[in-house]
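Trainee: I have a structure open and some terms to sort out. Can we go through them one by one?

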Amino acid sequence: MSSLAEKDRPIVQLLLNTGTCPRCILRFCCVGSQTLYRHPHKDLMKDLQEFLKNSQEKEDPVCLNVSDPPCKRIRLEPRGEGAEDLNHNGAIPQVPSAGDGNAAMEKVCNVCLGILQEFCEADFVKKVCQKVNSADYQFTSFVFSVSLPPQLSVRERAAWLGVKQQMRNLGLPLAKDDIVQLKEAYKWIIHPQLSEELGVPADGKSLFEVSVVFAHPETEEECHFLATACPDCFKPAKNKQSVFTRMAVIKALEKIKEEDFLKHFPCPPGSPKNLCDALEIQCNNGAVFVAGRYNKYSRNLPQTPWIIDGERKLESSVEELISEHLMAEFKADSFNFSSSGREDVDVRTLGNGRPFAIELVNPRRIRFTAEEMKRLQQAINDSSDKIQVRDLQLVTRSAIGRMKEGEEEKTKTYSALIWTDKAIQREDIEFLDGIKELKLEQKTPLRVLHRRPLAVRCRLIHTMSSEYIDEHHFRLHLKTQAGTYIKEFVHGDFGRTKPNIGSLLNRTADILELDVESVDVDWPPTLAD
């Protein structure tokens, strides 16, 4: 085995003897050749045994399996904890011969708990791919992730301490950072097999994730002693069933002293009876984002579901009328709706509409042509006379930021039908047309105080244009700073908005109808009909 050097022989001999699988042995020997890990388990076992046999025949001066005379370095070194596998001459017991290889291979690895054994075989790869194919996702590449039992980190530390002791006896250095991580080695083995079976390449930047969650109930309590030694590392967290997460265990292993670890855990670790369980094989596609503009023509339709104390007040919403079609076509698990501002349930949105975006979570289908998006838009528009959608298109996550900018920085145009208690003439309202950049101070309106913090917001009315109707009614067209409360600007909200139309006209005023005529956000891009 050309990737192993003579200095690796004592590591190979020690680990083979204590029940470690060939691939974990390669990891501890810091072998970085990916192709070597992909060799069949039996071949690797024979290669390691042949390597030991050839090394013994060379009669190297640092050979440990000679019984007489003993190595001076080993005789002079104090016997440390974790080196129990050395015999009284400082020799490592003999490993099984090539003829005994089957017995060695059947044993579950005392470090990886079988992950680099059974779960690298073609049968398991096919099982993963069957799960992926049955989920019916669209994807052109994949990223593979694996969740390991936290106790694996404890076992790896114990095995490493044994190797470290052995190398110390030989006067050779060993840095734990040089050891190939189990996850990395597993991916080296599994990626080519998954790629061949699925017919697409593995790509670390892919939005389609295939994940496997491993567990090993037989040894799950092995990391519990760390909670006593390092209690600060194990704190309850939301959405975590156990405090013994992999990150918490790793953090504790970094803090615990070597001698304290060895008091609580055998070194090297014992061989388990059972393999790991592959608890879950999951697929997940990265979110897809759809944007467009909507018009709302109903004065009895909220933007989002109107539910108070668990009771639905109205049967539908803008969000639901749009999303139900997108969810069905993209075959997504869920969605998140956002828009450039919002209108009240009794307010229409006219003109070019209000920009919106929908995040579709874990969609099975991700590829749509421009023509298919047009048909989807038409299906939404045909389903209801309460809304219409335009410029429906796929966008990126980063592009949505341009829509959110408009909530505070852009302008909006409104049309309000206003009633006054005292009779008015045309000349009574003409002065409103000449007011420019009117500064308002608006306390949080009473109607939204239950969901918005109390604050005084400064807003601008850029321009106004009045349209006389009769002695008690007129229409007011306003261009305002985004975020202005128009209803409160009209009736004053019991003096919480100053000035207001009532105070400017010196009479009581109220708003009967309000329309949003334009939301001046240049996004998403306009599409040709």
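Mentor: Start with the whole chain. This is a predicted model. Among contacts between residues at least 6 apart in sequence, 79% join residues at least 24 apart.

Trainee: What makes two residues a contact here?

Mentor: Their heavy atoms lie within 4.5 Å.

Trainee: How many helices and strands does the chain have?

Mentor: It has 18 helices and 15 strands. Of its 529 residues, 47% count as buried.

Trainee: Which residues of helix α11 are buried?

Mentor: In α11, residues 246-255, they are A248, V249, A252 and L253. Buried means under 20% relative accessible area.

Trainee: How do you know that they sit on the same side of α11?

Mentor: Look at the arc around the axis. They cover only 135 degrees, which puts them on the same side of α11. An α-helix has 3.6 residues a turn, so residues three or four places apart point the same way.

Trainee: What lies on the face turned away from that buried side?

Mentor: The exposed residues M247 and E254.

Trainee: What covers the buried residues of α11?

Mentor: The cover includes α8 (151-169), α10 (225-229) and α12 (258-264).

Trainee: Now L449. Why is L449 called partly exposed?

Mentor: Its relative accessible area is 33%.

Trainee: Where is L449 found?

Mentor: In the loop between β11 (436-443) and β12 (456-470).

How values were computed:
Residues are numbered from 1 along each chain as its sequence is written. This is a predicted model: local features need pLDDT of at least 70, side-chain atom pairs count only at pLDDT 80 or more; totals for chains, interfaces and linings use all residues. Side-chain values use heavy atoms; hydrogens and water are left out. Buried means under 20% relative accessible area, exposed over 50%, partly exposed in between (1.4 Å probe, protein chains only). Helices (H or I, at least four residues) and strands (E, at least two) are DSSP runs, numbered from the N terminus. The arc is that of the directions from the helix axis to the C-beta atoms.
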